[in-house]
Amino acid sequence: MKKLIPPFLLFICLLLMVAASLLIPQPHFINPPWHLTGLTLLAAGAAMAIWTSRKFRQRNTAIHTFRAPGTLVTDGLFRFSRNPVYLGFSMILAGVTLLLGVPSSLYILLLFILITDRWYIRYEEQEMEKIFGDAYRLYKARVRRWL
């Protein structure tokens, strides 16, 4: 699973959403023009993920899930969420879910959140505690995992 980094999982989920919406007959739960509200979520999620990756670059620390970070980033969006990149990715998928308006997309979104929460975030939290110790534990006690 170490080869399947989160951006690739996001891409796979996006492809699955589009393919399922095209190939599987299913009812639409949101109709035009209301489905366009998904564009707002998609844009906000993309902005959140991009902003966070820039923050990591500014701090000269690793954003890659399976590489050790050199700095504990706790400012900006990290004051509200310990995982703004994953939150952004989830918002992107939620936006696409609204745009497509089919149940299969919702299931894929939930699967992404489950995998991210149970696999990537748990792994990262263990590594952060090893690297940053009490500083990370204090941060973890102060800031929620998602929101």
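Which residues touch the most other members of the largest nonpolar core? In this predicted model, local features need pLDDT of at least 70 and side-chain atom pairs count only at pLDDT 80 or more, while totals for chains, interfaces and linings use all residues. Residues are numbered from 1 along each chain as its sequence is written, and side-chain values use heavy atoms, with hydrogens and water left out.

The answer is Leu10, Cys13, Met17, Tyr86, Phe89, Leu93 and Phe112, out of 24 residues in that core. A nonpolar core here is a set of buried Ala, Val, Leu, Ile, Met, Phe, Trp, Tyr and Cys residues joined through side-chain atoms within 4.5 Å; buried means under 20% relative accessible area (1.4 Å probe, protein chains only). Helices are DSSP runs of H or I, at least four residues, numbered from the N terminus.

Now for how helix 3 (residues 84–100) sits against helix 4: their axes, lines fitted to C-alpha atoms over the stretch in contact, come within 9 Å and cross at roughly 175°. That makes the two helices roughly antiparallel (angles over 145 degrees, on a scale from 0 to 180 between N-to-C directions).

Leu93, leaving aside neighbours within four places in sequence, is in contact (heavy atoms within 4.5 Å) with Leu10, Cys13, Leu14, Met17, Leu109 and Phe112.

Asp117 is found in helix 4 (residues 103–132) and is buried, with a relative accessible area of 10%.

Conventions. Buried means under 20% relative accessible area, exposed over 50%, partly exposed in between (1.4 Å probe, protein chains only). Angles under 35 degrees count as roughly parallel, over 145 as roughly antiparallel, 65 to 115 as roughly perpendicular and the rest as oblique.
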